[in-house]
Amino acid sequence: MRIGLRLFLAFFLIVGVAAFFVMRVFVDEVKPGVRQALEATLVDSANTLAELAADDLKAGRIADGRFAQRVAQAHARDPQAQVWEVAKSSVDQEIVITDAGGMVVYASTGRDLGRDNSRWNDVYRTLRGEYGARSTPRVPGADDDSVMHVAAPVRDPDDPSRLLGVLTLSQPNRSVEPFIVASQRSILARGAWLIGIAALIGIAMTWWLVRGIGGLNRYAQAVARGEPVPPPRPRRDEIGDLGQALEAMRRKLEGKAYVEQYVQSLTHEMKSPLAAIGGAAELLQEPLPDAERARFAGNILAQQRRLTETIDKLLALAEVEQHGWLQKRSAIAVGTLLAQAVDVLAPNGREVCVRCDAAAVAAVEVRGDPFLLRQALRNLVENAVAFSPDGGEVVVDASVEAGNVRLRVLDRGPGVPDYAQERVFERFYSLPRPDGGSRSSGLGLPFVREVARLHGGAVRLYNRDGGGAIATLSLPAT
């Protein structure tokens, strides 16, 4: 299982379990909470009604007096109330009044008159000066259809210490059931919204974390494969710090390996020129004819130039290879780039015509480092000139194909042998010149390949129909 899925499942599980228990507590507390509120309301109403019934109960007209008439009128009403989307069209409360002995003397429903209620908890406790209340099934055995009874003492208006009887106010619990169900439904709906929002937050947080970790993973994989890659994007968190630490470690490790590799390469390439210089220097210490002395001195100078060229190109290649990305980019006109690369060429005394054809891409631009691109194109032209016969022609042109600018250098030299097709871009690999001249340092084409990579392009060297070679540098057009 991937880390992103694990993070999301862990986050969602924690939030989901917490939300479930919280909602469960709320849902479970709704019913007792509503019933407790109902009981508190019944207490207030029962005590108010007890005061209103006191005069009629004392006068012995509780069954047909003013109090009974008003209660009957109240029960005949239609409240036409809309309480929290629940319609209420009747008065659900019932009133029962017992005398001081617990016998029923009034019932708003007209039932149970004369019944002994003295043993019912509400009447029993109230007659003894305590708070009396009970909840019993409307029908015996129907525990899910209960009625709440709350009692209040009815006292003599002239002597409050004298207890005349007990008024019991009752209301079916089913009358508040719609409000309980609505409350529970509302809690569950909002809980579902909570879980949904938590899931979205979890997805966003997981994506944010996985994006950072995935970037570091791709960076580390590319480094492990030896691919040049830009450092991770800076971030102001621990992932950003880790990315910077990985980049610093990579630079140190690659720098050490890079130095070791180039020291070995440079040592290998310097052995032959140094041996030639050493041999010529020893011979110059002996008496020699002037012609021989001049030849050996010239050999020393030629080897010195070869060493200088090798070191300079090796340093230039090392600088380019160390850059995993371009340090700067700017817009470069392709026509200007071709003209600059050709104008500064010195054919080294060879009778070779270098022709530039940039009219077709006069308005086309590429983005990159102007210096590196000029150097890369110059290397390709110099290489073509070096392999062209006297009186030959080197053509430099450009075209746009499929969103890419294709820069070409064409010559009429001997071309690329089959055995060298796969090796021409290796460091220090070079082919003999057609005129028997000394080989090059073998660093020009590797330099061009690295410049092409930095610019998101590619370079190819292949044979030309009719003889010669074509070097193509492809770059993305702006």
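This is a short walk through one predicted protein model, from the whole chain down to single residues.

Okay, some ground rules. Residues are numbered from 1 along each chain as its sequence is written, and side-chain values use heavy atoms, with hydrogens and water left out. The model is predicted, so local features need pLDDT of at least 70 and side-chain atom pairs count only at pLDDT 80 or more, while totals for chains, interfaces and linings use all residues.

Let's start with the overall picture. The protein chain has 9 helices and 14 strands. Those are DSSP runs, numbered from the N terminus: helices are H or I with at least four residues, strands are E with at least two. Of the 478 residues in the chain, 36% are buried. Buried means under 20% relative accessible area, exposed means over 50%, and partly exposed is in between, with a 1.4 Å probe and protein chains only. Now contacts, meaning heavy atoms within 4.5 Å. Take the ones between residues at least 6 apart in sequence: 63% of them join residues at least 24 apart.

On to the helices. Two packed helices are described by the angle between their axes and the distance between the axes. Here an axis is a line fitted to C-alpha atoms, for helices over the stretch in contact, and angles run from 0 to 180 degrees between N-to-C directions.

Look at helix α7, residues 334-343, and helix α8, residues 370-387: their axes come within 9 Å and cross at roughly 55°. That makes α7 oblique to α8. The cut-offs are under 35 degrees for roughly parallel, over 145 for roughly antiparallel, 65 to 115 for roughly perpendicular, and oblique for the rest. On the α7 side, the contact is made by Leu337, Leu338, Gln340 and Ala341, and on the α8 side by Pro370, Leu373, Arg374, Leu377 and Arg378. The crossing of α7 and α8 is right-handed. A crossing is right-handed if the near helix is turned clockwise from the far one by less than a right angle, and left-handed if anticlockwise.

Helix α8 has another partner. The axes of α8 and α9 come within 9 Å too, and cross at roughly 140°. This crossing is left-handed. Contact residues in α8 include Leu372, Leu373 and Gln375, and those in α9 include Gly444, Phe447 and Val451.

After α9 comes glycine 456, which has a positive phi near 75°.

Speaking of phi: most residues other than glycine have a negative phi, and most peptide bonds are trans. Glutamine 80 has a positive phi near 50°. Find it in the loop between α2 and β1, where glutamine 80 is exposed at 68% relative accessibility. Alanine 402 also isn't a glycine, and its phi is positive at about 55°. Alanine 402 is in the loop between β11 (393-401) and β12 (404-410), and at 82% relative accessibility it counts as exposed.

Next, rings. Searching the whole structure turns up 1 aromatic pair. It's phenylalanine 67 with tyrosine 106, edge-to-face, 6.1 Å centre to centre and 70° between the planes. Rings of Phe, Tyr and Trp (its six-membered ring) pair if their centres lie within 6.5 Å; planes under 30 degrees apart are stacked, over 60 edge-to-face, and the rest tilted. The pair links distant parts of the chain, 39 residues apart: phenylalanine 67 is in helix α2 (residues 66-75) and tyrosine 106 in strand β4 (residues 104-107). Phenylalanine 67 is buried at 7% relative accessibility, and tyrosine 106 is buried at 7%.

A charge sits over a ring if NZ of Lys or CZ of Arg is within 6 Å of the ring centre and within 35 degrees of the ring normal. Arginine 134 lies over the face of tryptophan 120, 4.3 Å from the ring centre. Arginine 460 has its charged end over the ring of tyrosine 462, 4.3 Å from the centre.

Last stop: threonine 168, in strand β7 (residues 163-172). Buried or exposed? Threonine 168 is buried, with a relative accessible area of 5%. Not counting residues up to four places away in sequence, threonine 168 touches residues including Glu94, Asp122 and His149.
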